[in-house]
Amino acid sequence: MAVRDLPLKTIVIFGITDTQVGPSPSPDSPQAVESGKPINAVAFEHEIAQDWALIDAMAASLSSLERFVFSTLSSARDARKGAIDFNLHFDSKAEMLKHLKDEYPELWAKTSLLTLGCCAGNWKLYKDGAGRPEKTQDGSYKVYLPMNDGAPLPFVEPKADTGPFVQTLLELPPGFNLGEWCNTWGRVNGVECTFERQDRRIIEDAAGVIGREVADMYQFFEEYGYCGVDEHNVVYPWDLPVKVKYTTMEEYIWSQDWSSVLHPENEGVEAP
C-alpha cells in the first residue's frame, strides 16, 4: 500500500524502510552511473526519500493517528563525528528522526521508536565470513569478523520478535557478545567454535559493493556499541515492567538447519 493511500481512520501504524529496496545493488547500475555516486550513496538517498514520504504521510493523518511506531537505528556519523562515514544504512534512519523532530513536533509526541538488534540470520548472507562459522583444518569452527569478540551485540530474530516488541510499545538477559555466540553455537552443534578478529580489508573485498559499509558498521559496533549515542535512551525487553517474549540466541541456534555450515560440501547458501 502506498503511503498516500493510508486509510483515514488508521489508529496505529508501524513503519520501516529498507536501504536495499530500490536501486539495483550493483556499482554499474543506471542510478549509480547517472549520479556519479557509489551505489551505497544512491541507496542512502533513496531510503531517506522513503523515510520522508512516510513521515509526511503520518503527519497528514495526525488527527486520526494514536501511535506511530518506527523501526530505526542510531547515527554512526554522529557518534564518531564523521570519522565513520559509510555505515549508511544506519545513518539513513537516523536522518529520518532529525526530519521528524524538526518538522513535525506533534507527530513526534505520538511516536515510539523500535531499535531492532543484529539480525540473527545474517550468517546466511555470505558463503564465507561475515559471521558464518567456518570449518578449520583441525575440525573445529571459527567465526571471523573485523571487530572484538567481547563487544556486546543485541541479536534479534526479526520475524518472531518484531510483533511482540511493537505490541509492548503500544501497551506501555544482558546483551550477547560474539565470543558467547560462538560458545553457544559450538555447544548446540557438538563442535568447537571460536572467534578470530579479521582485518577489515577481507570483508571489504568479500562483500563486494557493500563491503566498505559492512566494515564501517562493525567498527561502529566495536567502538560505540550497537546503539551508539542513543544508548542512554534505549530500554531493553528485560528491563521493562511487563514480560516480553523474545527469541534468545540459544533458541534461535537450536531452531536453525546448520547443515550448510557443518557440511558445506553438500549445501548451497540459504537466504536469511
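**Reading sheets, cores and rings**

Colleague: Which strands form a hairpin with 5 residues between them?

Modeller: β5 and β6 do, and glycine 139 in the turn has a positive phi of about 90°. Helices (H or I, at least four residues) and strands (E, at least two) are DSSP runs, numbered from the N terminus. This is a predicted model, in which local features need pLDDT of at least 70 and side-chain atom pairs count only at pLDDT 80 or more, while totals for chains, interfaces and linings use all residues. Residues are numbered from 1 along each chain as its sequence is written, and side-chain values use heavy atoms, with hydrogens and water left out.

Colleague: How many bridges join β5 to β6?

Modeller: Two strands pair if DSSP finds at least two bridges between them. Here β5 (residues 134–135) and β6 are joined by 2 bridges and run antiparallel. Glutamate 134 has lysine 142 of β6 as its bridge partner.

Colleague: What is the strand order in the open sheet that contains β6?

Modeller: The order is β5-β6-β10, with mixed pairing. β5 and β10 are the edge strands, each pairing on one side only. β6 and β10 (residues 193–197) run parallel and are joined by 5 bridges. Lysine 142 stands opposite threonine 194, and leucine 145 has arginine 197 of β10 as its bridge partner.

Colleague: How many residues of β6 are buried?

Modeller: Buried means under 20% relative accessible area, exposed over 50%, partly exposed in between (1.4 Å probe, protein chains only). In β6 (residues 141–145), 4 of the 5 residues are buried.

Colleague: What lies across β6 and β10?

Modeller: Helix α7 does, running at about 150° to β10. Axes are lines fitted to C-alpha atoms, for helices over the stretch in contact (heavy atoms within 4.5 Å). Angles run from 0 to 180 degrees between N-to-C directions.

Colleague: Which residues touch the most other members of the largest nonpolar core?

Modeller: In soluble globular proteins, nonpolar side chains tend to be buried together. A nonpolar core is a set of buried Ala, Val, Leu, Ile, Met, Phe, Trp, Tyr and Cys residues joined through side-chain atoms within 4.5 Å. The largest one has 36 residues, and Met147, Trp181, Trp185, Tyr218, Phe221, Tyr226 and Trp258 touch the most other members. Elements that each supply at least two residues of this core include β6, α7 (178–189), β10 and α9 (211–224). α9 gives the largest share, 6 residues.

Colleague: How many aromatic pairs does the structure hold?

Modeller: A pair of aromatic rings is described by the distance of the centres and the angle of the planes. Rings of Phe, Tyr and Trp (its six-membered ring) pair if their centres lie within 6.5 Å; planes under 30 degrees apart count as stacked, over 60 as edge-to-face and the rest as tilted. The structure holds 10 such pairs. One of them joins phenylalanine 220 and phenylalanine 221, tilted at 45° between the planes and 6.2 Å centre to centre. Both of these residues, phenylalanine 220 and phenylalanine 221, are buried. Elsewhere, ring pairs link Trp123, Tyr141, Trp181, Trp185 and Trp258 into a cluster.

Colleague: Which other sheet has 3 strands, and what is its order?

Modeller: That open sheet has the order β1-β2-β3 and parallel pairing. Its edge strands are β1 (12–15) and β3 (111–114). β2 (residues 67–71) is joined to β3 by 4 bridges, and phenylalanine 70 has leucine 113 of β3 as its bridge partner. Helix α2 (residues 39–60) packs on this sheet, touching β1 and β2, and its direction makes about 170° with that of β2.
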